[in-house]
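Have a look at the model first, then read on.

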Amino acid sequence: MILRTFGWSFGVTVVGLLIALLYDGPTGLALVAVLAVLEISLSFDNAVVNAKVLDRMSEFWQKIFLTIGIAIAVFGMRLVFPLLIVGITAKLSPYEAFDLALNDSHRYHQLMNDAYPMIAAFGGMFLMMLFLDFVFEERADKWLPWLERPLARIGKLDQLSVVVAGGSLAFVAWLSADDPGNVMIAGVLGMVTYILVNGLGELFSEASDDDDEDDEDGGEAGESGGRSGPSSLALATGKAGFFLFLYLEVLDASFSFDGVIGAFAISTDPIVIALGLGIGAMYIRSLTVFLVRKGTLHEYIYLEHGAHWAIGALAVCMLVSIGHHVPEWITGGLGAGLIIAAFASSVFRNRNEDSDSSGTASGGDKQLHSSNV
């Protein structure tokens, strides 16, 4: 199970470290290893949320996420995206941006820092919307009932997540941003992207459910009709799977912003950064699959809660970082701490349920024995 799930990650790790060693010697090897660990520590909550969404996707779209999605995550977000941002900011062609990254890494780093407020606003708003939609929804299981109950109660107000996220964006742009207009535009685009991609995914998921019910009600008619080709359910599932895949890619992009920018504190070489973050991204993908196949989120039900609270913490850190530097150990530590706490709470809950069930069973056995006597 471990080798089958993490085999590609192990292979990519070996190849990536060898390339780093050949490219920049022992120093490059050490930097790539550190960057890989940084990416994994910052994105563990991403794996938990990804697993929840991936569990709803068909096997076909799961394979797409694990093949094409990996290419997008590793090469697109960890290598091409920083070059694209620098090119747009400095009005350079992709080749000129790549040449600048290789030959003038300090200038390249400066341009990335100049663009960071817009990047943080976009990613922070996307993640903030994801967090708010989770905590404002009524759920049967509550990890922090003293906090989640009142949040779910006020969450009945329609579009409250948009109001809170928009107000937070306006406050941060007014208080901290050197260029409030661009920060506001980027943040609004992040909100719009979330609403659009998430809404389309939900729309086609509901369409799939409706078609499923129709097929069950009219199954005999469908069989007698002799219809060939993919059914409406397959088509709807395909559309839903596509938008869930798109949602996961945008979510991964939002998570990667923090890691890409934070990587410059360790190295300014784009090749080293791409290798290190790419290895880390592979492990996050493998961990996502592991969580789905093991049913971990069903067994430890508070993990999802902890991951979303970690996402909320990351979103706040990204918004704060628009005007003030937030060390990577804070964002990584908050996320890891919340997920560990949620896992511990899940284990404690499962033990209590097991003891209660065993106690009830033993009590029933005693009653049966006394009645037989």
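Which residues does Leucine 251 touch, not counting residues up to four places away in sequence? They are Asn46, Val49, Asn50, Phe126, Leu127 and Leu130, where contact means heavy atoms within 4.5 Å.

A word on the source: this is a predicted model, with local features needing pLDDT of at least 70 and side-chain atom pairs counting only at pLDDT 80 or more, while totals for chains, interfaces and linings use all residues. Residues are numbered from 1 along each chain as its sequence is written, and side-chain values use heavy atoms, leaving out hydrogens and water.

**α4 with α6**
- The axes (lines fitted to C-alpha atoms over the stretch in contact, with angles from 0 to 180 degrees between N-to-C directions) of α4 (residues 105-135) and α6 (residues 160-176) come within 9 Å and cross at roughly 150°.
- That makes the two helices (DSSP runs of H or I, at least four residues, numbered from the N terminus) roughly antiparallel (over 145 degrees).
- On the α4 side, the contact includes Ala121, Met125 and Asp133.

**α4 with α12**
- The axes of α4 and α12 (residues 302-320) come within 8 Å and cross at roughly 150°, so these helices are roughly antiparallel too.

Methods: Angles under 35 degrees count as roughly parallel, over 145 as roughly antiparallel, 65 to 115 as roughly perpendicular and the rest as oblique.
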